[in-house]
Amino acid sequence: MKKNTTEASATTRRSLFKTFLLCLPMMLLTFMMLTGGSMPTGGERLFALAATFLFFNLLFFLMVRTGKTDRFRSILFITLAVCFVFSFISNLIAVRGSMALSRATMIEGGAPFCHLVIPMTLIPAVLTKTIIFPGKILGSYSIAGMFVIWIGVSLALGRGLCSWFCFFGGLEDGFSRILKKPIIKNISKKWTYLPYAVLLVVVLMSALTLSPTYCQWLCPFKTVTEFVEITSVKVLIQTIIFVSLFIGLVVVLPILTKRRTQCGLFCPLGALQSVTNKTNVFEIRIDQDKCVQCNKCIRVCPTFSIDEESLGRGRVKASCTKCGKCVDACPQKALFYHVKGTSLSSKLDRYRLLFLYPAFLVLAIIAGRFVQDAMVKAINLITTGTMI
Amino acid sequence: MEAFILGLSNGTTCVAYCAPVLVPYLLGEGKGILQNSVLTAQFLLGRLLGYLLFAVLAWGINRSILQGVSKPDLVIGPAYVVFSLLLIYYGFFKTRTSCKTTCTHGLRHKLMTILPVSIPMIAGFVTGLSLCPPFLLAFTGAVEKTTVIQSMFFFFAFFLGTSIFFIPLPFSGLFRGFSALRIIGRMAAGLIGVYYLYSGIMMLIGGYTI
């Protein structure tokens with residue numbers, strides 16, 4: 001078995017020259033996106049740009065050369081989440097002096113709009129022609145901007161958004177990699193339906209109350225971004241709920257189960273994204289002739305998207321985030337990226353490359369800003385004692 | 001007519017209040033259109049009973065009988081707590097009874113058999129007691145009536161106006177073929193139960209500010 005695996009890896013490893021040629025388009029694209037058309041002037045900004053560019057392209061180079069996807073994706077994905085939190089919190093403290101969101105800021109429409117709010121704004125927007133979120137329509141962190149990005153990424157990647165775009169997912173992805181073996185192994189299949197129930201409830205409740213129910217009550221990531229000032233028992237209860245959900249679903253359970261429990265068992269946007277997987281051209285397929293039913297893919301899938309039934313059908317579930325962990329883990333190379341409607345027998349790594357270009361570019365674009373910003377702030381902190 | 005138009009104009013708000021309770025339940029039961037129509041009718045009957053209760057209350061207020069009740073939340077709050085706990089149990093813990101011989105003995109089995117029938121009516125009754133703005137408007141209108149019959153007719157007309165919007169709900173049963181939807185519906189009902197549990201507790205503690 002080990003010999004077969006080594007042989008399979010050897011066949012997917014590309015030559016340095018060919019890898020370089022395949023990486024050239026990504027180098028050009030990431031350079032364009034990171035610079036935004038103009039080179040920064042400050043020394044620390046120039047250093048951050050160069051370091052970010054090299055870091056991103058090194059990871060992409062290794063992905064292309066080794067044939068491994070998740071091994072290098074996860075590094076950037078976790079970096080994105082950590083840098084996002086660092087950059088976001090430091091910005092809040094610089095602008096507002098605290099992470100707490102005051103009522104005055106909400107009235108002014110100063111709350112940043114994130115992609116997790118999208119499902120609950122759709123029906124009220126149709127019914128009342130208003131957006132039930134105290135954010136800006138245009139500008140940075142705006143509602144219109146996030147909607148456009150969400151539609152674009154959903155069309156390009158489907159639920160791949162959860163592993164190649166979401167700036168929160170890297171937190172639990174990171175925690176899920178701490179232990180070598182899971183302590184909790186058996187989770188009832190029925191809980192994988194919970195995200196759909198949460199989606200149904202937050203959509204109905206948001207339409208009923210004309211307020212972003214998920215943001216107010218459930219979003220665990222408010223713990224590491226911003227939250228409403230505690231001025232009443234109601235807000236205190238809300239705070240206890242979302243902090244508990246963060247500790248439970250983003251920290252403790254991912255460590256114990258080695259899975260992304262918030263994404264796989266709770267996130268309403270993830271449930272909505274599963275629907276977009278149906279219309280997306282990329283998918284993960286299972287070659288039933290090669291599969292030896294070792295169930296390794298079932299054990300490693302972070303979002304509970306593969307079970308015995310999937311192996312029988314040769315397809316993963318709609319909740320697949322296309323992270324590539326199962327593809328990397330399969331000793332028989334029975335799992336592979338695939339473009340719907342194309343042959344299942346021709347050179348399969350081409351499909352992976354076709355997926356990697358848009359997926360990595362999305363990740364690099366979203367991560368670029370936060371990684372650079374976090375790096376500049378860290379340099380400032382070290383050299384001047386202040387982040388600004 | 002005034003009450004009917006009031007109900008009609010505010011029906012979408014009423015259905016928005018009730019749909020989070022009724023739709024997950026209908027999906028959770030996974031029955032056909034006919035059975036769902038019966039469940040919806042039970043729900044509406046419960047709602048009507050809630051309305052009629054308020055009609056009596058309105059008349060009572062009109063006659064200054066219930067002036068002593070200063071905190072109605074202390075009556076409605078415990079009801080929310082009890083019924084929401086029932087909903088949570090239904091959503092996450094209730095298992096279907098498949099063998100009739102095991103259902104004939106014991107209080108637990110009796111409850112398991114009775115509750116699925118009565119839950120829609122109880123839920124309808126509880127949502128009927130919701131003090132939403134259109135309801136308060138109707139209540140204010142009913143308070144103006146001088147006899148209990150007039151007050152009840154007023155609320156009945158209001159109920160008819162709002163009930164028109166419930167007609168599409170039984171068609172949730174079209175999804176009964178998908179077993180996953182049943183699980184999702186039950187879990188959603190359980191989550192709604194958590195919301196009502198919170199509402200009940202807040203009513204009891206009076207929403208103190210710190």
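Predicted model: local features only at pLDDT ≥ 70, side-chain atom pairs only at ≥ 80, totals over all residues.
**Exercise 1.** Identify the residues that form the nonpolar patch on the surface, and give their accessible area together. Then classify F17(A) as buried or exposed.

*Solution.* 
Step 1. The members of the nonpolar patch are F17(A), F20(A), L21(A) and L24(A).
Step 2. Together they have about 380 Å² of accessible area.
Step 3. F17(A) lies in helix 2 of chain A, which spans residues 16-35.
Step 4. F17(A) has a relative accessible area of 58% and is therefore exposed, the cut-off being over 50%.

**Exercise 2.** Locate F86(A) in chain A, classify its accessibility, and list its contacts beyond its neighbours within four places in sequence.

*Solution.* 
Step 1. Helix 4 of chain A, residues 70-95, contains F86(A).
Step 2. With a relative accessible area of 32%, F86(A) is partly exposed, because this value falls between the limits of 20% and 50%.
Step 3. Once the neighbours within four places in sequence are left aside, F86(A) is in contact with A374(A), K377(A), A378(A) and M387(A).
Step 4. As for I123(A), the separation from F86(A) is 37 residues in sequence and 33 Å in space, C-alpha to C-alpha.

**Exercise 3.** Describe the phi angle, the place and the accessibility of K258(A) and of Q293(A).

*Solution.* 
Step 1. Most residues other than glycine have a negative phi.
Step 2. K258(A) is not a glycine, yet has a positive phi of about 60°.
Step 3. K258(A) is found in the loop between helix 12 (233-257) and helix 13 (261-265) of chain A.
Step 4. The relative accessible area of K258(A) is 17%, so this residue is buried; the term applies under 20%.
Step 5. Q293(A), also not a glycine, has a positive phi of about 55°.
Step 6. The place of Q293(A) is the loop of chain A between strand 3 (282-286) and helix 15 (296-300).
Step 7. Q293(A) is partly exposed, its relative accessible area being 48%.

How values were computed. Residues numbered from 1 in each chain as written. Chains lettered and ligands numbered in written order. Heavy atoms only, no water. Helix = DSSP H or I, 4+ residues; strand = E, 2+ residues; numbered from the N terminus. Buried < 20%, exposed > 50% of the residue type's maximum accessible area, 1.4 Å probe, protein only. Contact = heavy atoms within 4.5 Å. Patch = residues over 30% accessible without salt bridge, like charges linked within 9 Å, V, L, I, M, F, W, Y side chains within 5 Å. Areas by Shrake-Rupley, 256 points an atom, 1.4 Å probe, with all protein chains shown as cover. Salt bridge = Lys/Arg side-chain N within 4 Å of Asp/Glu carboxyl O.
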